[in-house]
Amino acid sequence: MPEETHSPWEYAPAPESRAIANLQPSYRMFVDGEFVDGAGEPLKSVNPATEETLAEVSSAAASDVDNAVRAARKAFDRTWGKMPGSERAKYLFRIARLIQERGRELAVLETLDNGKPIKESRDADIPTAAAHFFHHAGWADKLSYAGYGPDPRPVGVAGQVIPWNFPLLMLAWKIAPALACGNTVVLKPAETTPLTALVFAEICQQAGLPPGVVNILPGAGDVGAELVGHAGVDKVAFTGSTEVGKQIQRTLAGSGKKLTLELGGKAANVVFDDAPLDQAVEGIVNGIFFNQGHVCCAGSRLLVQESVAEELLDKLRSRIATLRVGDPLDKNTDVGAVNSAEQLERITALSATGDAEGASRWTSPCPLPEKGFFFSPTVFSDVQQSMRIAREEIFGPVLSVLTFRTPDEAVAKANNTPYGLSAGIWTEKGSRILWAAQKMRAGVVWANTFNRFDPTAPFGGYQESGFGREGGRAGLEAYLDV
Amino acid sequence: MANPPPTTPSVTSSPGLPAELAEATKDDSTLRRFLHGLPGVDQVGLEQRAAGLATRSIKKAAKLWAIDTAIGMVDLTTLEGADTEGKVRALCAKGRNPDPDRPGAPRVAAICVYPDLAAVAVEALRGSGVGVASVATAFPSGRSSRQVKLADVELAVSAGATEVDMVIDRGAFLSGRYGQVFDEIQAVKAACGDAHLKVILETGELATYDNVRRASWLALLAGGDFIKTSTGKVSPAATLPVTHLMLQAVRDWRDHTGELRGVKPAGGIRNTKDAIRYLVAVHEVAGPEWLTPELFRFGASSLLNDLLMQRRTQLDGHYSGPDYVAVD
């Protein structure tokens, strides 16, 4: 196979200016239309690519949660919940346009705070976030045609907790449908990535959104627990780890509150022997190395038919060797920084179990920056279904490769997981796509592509990947009293 | 299934090939099975990859290196009915010394002309190191008898052309007569003698990416030294996705046989920005060893001047405009 490639010329660094992010030394939480100091211990938001502290962020305490929920309730009762859908739509459209207008600023800020490559925050995260607001703005005055009865009512106050992998996009997935349906929200962004959510709060002000409709409370898990357990919350939406999802479900059991959970995944990306191999390679790369593999629906388990396994793996390794890992603000960068030191440790530890259990590790020869939290793109082959790296979500740029002989075996192995968020099928045969897609127990099944997101397509899981759907018509149900 | 091909298989296998590839060229039906057994091409995925790679940033020293590399890969071309000896001589002068004010500018790889003008080019380029490429085989349509096509090749080769650009019979290819196409390429290759053979697939007429992949392999199996996208007479001519696909084909060929074969996109590549996008594809799809005129060429007439202008911009620190380079 091709030896390590050595570039005869270096791509010139093309860093986006960090000045565009308008980074402030400190950020405050957003309650009842105002930026206020939180009663919690302030958080420090760190740039994972350089380990420097970006800003100090005030954090919420129990009293703040209480205030925010009360503000949301007041806004629901007095303004937002009674407002005609056509009026709510105007606010949502305004927010969507403001996200577009401030797109570069948001993209750079997201990249600084999260560590993801600028080309992803600029070309995927921010445009898709705007698209979610546009899409749901369209629904706001058409809810009676959504199939949930002639006059579906909002639920009330939604408590929402989101993860650090797509900070602004996950916010959009949660807030856009909630507002479109007439709910008010209290949202807790992840501890390590609160900045774009607080700029979003500014956008809410800019859009003239009535006070209390959107409240943003930065904080750690304890604030999240306080929020989801708060008596004044009518609906809880959570995206994050399965473990926390289970705790939330226990907390809410018997309370009558609505709950949706979008949790972990260990998606199978299945390559049949008649697949378009070169594009499958691209899809595998996109499936597991997009956003450093910090994607709950990442294609982290590659299932390849034995007859093409060797050829595909050769192609895959030479392709991965060309991935450029480094400064996330550089537009040439394909893989950025892991979001935190803790996550890097977890990826390192789980990968070590792969070695210990006898899988063969291959690591991309690409150079890594000296500072920051980086992990080289890694492929484990000779992985067996019983190994931890085939069963547990690694949430990093680590691919586990398994093989199969027959289509039935592929489906059996693909479904042999406690999760079920997504799956991929690669074959040139249309009938096989339909056959396999019907048998896969996963919320979304991609054929000859991977990691495509659209606000019109419902997204959600099976089994330990959670329940409820976000996006599309189905996603409205979570925020309507039906 | 398509109907069996009407021609009698007369394919002879090439001697140096690995067993499974030699087996594939045994007769018309094994050839068909082999070509149709190649992995399919997903259009959406291929085009996405090509678009994604086009955003790499090449600047300053790297850009100058890329520009010089691209100049050295140009097959400076004139293929008009109105071509004259004077036009060809002017082009040859330009090719051997593209920017007399900046003596460091590399010469181009070759001058590409019709066979009846090959002798003029050979004479004008003597001692320059610039090759003479000649399109032959009833270029650009390829619609003539085998005899006429081979005579065309002999005309070019006997005039001293160092490279022959042949067109495949797209009619035969599209009607599934792969053996006939294979045969013809082999016959032309034999008629080329020492001259290098570039096989023009005319990808715009092959219509699907699957066909482009099959035609690429067919040309490689039959012994083509280069696979070339287009005659420049059909739209679309060279595109980035098609070139990606052909680069994958030569990379896969290298993995199967250890041999390095070349790729030449032709037609429609007019500016430095585009040329650099192609070089990025060469670098990342096939590999850095393809970044040489031995293995990658641009078939172009107007690209050279833009490269020269951008080269001056890099060297002088400012842009001077089209009147500072010769229009030949």
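**Close-up views of a predicted model**

**View 1. Ala442(A) sits in the loop that joins helix H14 (430-439) to strand S18 (444-447) of chain A.** The model shown here and in the other views is predicted. Ala442(A) has a relative accessible area of 11%, so this residue is buried. Leaving aside residues up to four places away in sequence, Ala442(A) touches Gly420(A), Leu421(A), Ser422(A), Ala423(A) and Tyr462(A). Arg301(A) provides a reference point: 141 residues separate Arg301(A) from Ala442(A) in sequence, and their C-alpha atoms are 14 Å apart in space.

**View 2. Helices H5 (residues 85-96) and H6 (residues 118-125) of chain B pack at an angle of about 35°.** Their axes are 9 Å apart. The crossing of H5(B) and H6(B) is right-handed. On the H5(B) side, the contact is formed by Glu85(B), Val88(B), Arg89(B), Cys92(B) and Arg96(B). On the H6(B) side, the partners are Val120(B), Ala121(B), Ala124(B) and Leu125(B). By class, this contact of H5(B) with H6(B) holds six nonpolar and three charged residues, with no polar ones.

**View 3. Asp101(B) lies in the loop between H5 and strand S2 (110-113) of chain B.** Is Asp101(B) buried or exposed? Its relative accessibility is 53%, so Asp101(B) counts as exposed, the cut-off being over 50%. Val325(B) is 224 residues from Asp101(B) along the chain. The C-alpha atoms of the two residues are separated by 9.2 Å.

**View 4. Helices H2 (residues 28-37) and H11 (residues 209-221) of chain B cross at roughly 130°.** Their axes come within 9 Å. H2(B) and H11(B) are therefore oblique to each other. The crossing in which H2(B) passes H11(B) is right-handed. H2(B) contributes Leu31(B), Phe34(B), Leu35(B) and His36(B) to the contact. H11(B) meets them with Arg214(B), Trp217(B), Leu218(B) and Leu221(B). Sorted by class, the contact residues of H2(B) and H11(B) are six nonpolar, one polar and one charged.

**View 5. Helices H4 (residues 60-71) and H13 (residues 272-286) of chain B pack at an angle of about 90°.** The two axes are 10 Å apart. H4(B) and H13(B) are therefore roughly perpendicular to each other. From H4(B), the residues in contact are Lys63(B), Ala66(B), Ile67(B) and Ala70(B). From H13(B), they are Thr272(B), Ile276(B) and Leu279(B). The contact of H4(B) with H13(B) comprises five nonpolar residues, one polar and one charged.

**View 6. Cysteines in a structure with zero disulfides over all chains.** Cys297(A) is in no disulfide. Which cysteine sulfur is nearest to that of Cys297(A)? The nearest belongs to Cys296(A), 5.0 Å away. A disulfide would need the sulfur atoms within 2.5 Å. Cys297(A) counts as buried because its relative accessibility is 1%. Cys92(B) is also in no disulfide. For Cys92(B), the nearest cysteine sulfur is that of Cys112(B), 11 Å away. Cys92(B) has 0% relative accessibility and so counts as buried.

How values were computed
Residues are numbered from 1 along each chain as its sequence is written. Chains are lettered from A and ligands numbered from 1 in the order in which they are written. This is a predicted model: local features need pLDDT of at least 70, side-chain atom pairs count only at pLDDT 80 or more; totals for chains, interfaces and linings use all residues. Side-chain values use heavy atoms; hydrogens and water are left out. Axes are lines fitted to C-alpha atoms, for helices over the stretch in contact, and angles run from 0 to 180 degrees between N-to-C directions. Helices (H or I, at least four residues) and strands (E, at least two) are DSSP runs, numbered from the N terminus. A crossing is left-handed if the near helix is turned anticlockwise from the far one by less than a right angle, and right-handed if clockwise. Contact means heavy atoms within 4.5 Å. Ala, Val, Leu, Ile, Met, Phe, Trp, Tyr, Cys and Pro count as nonpolar, Asp, Glu, Lys and Arg as charged, and the others, Gly among them, as polar. Angles under 35 degrees count as roughly parallel, over 145 as roughly antiparallel, 65 to 115 as roughly perpendicular and the rest as oblique. Buried means under 20% relative accessible area, exposed over 50%, partly exposed in between (1.4 Å probe, protein chains only).
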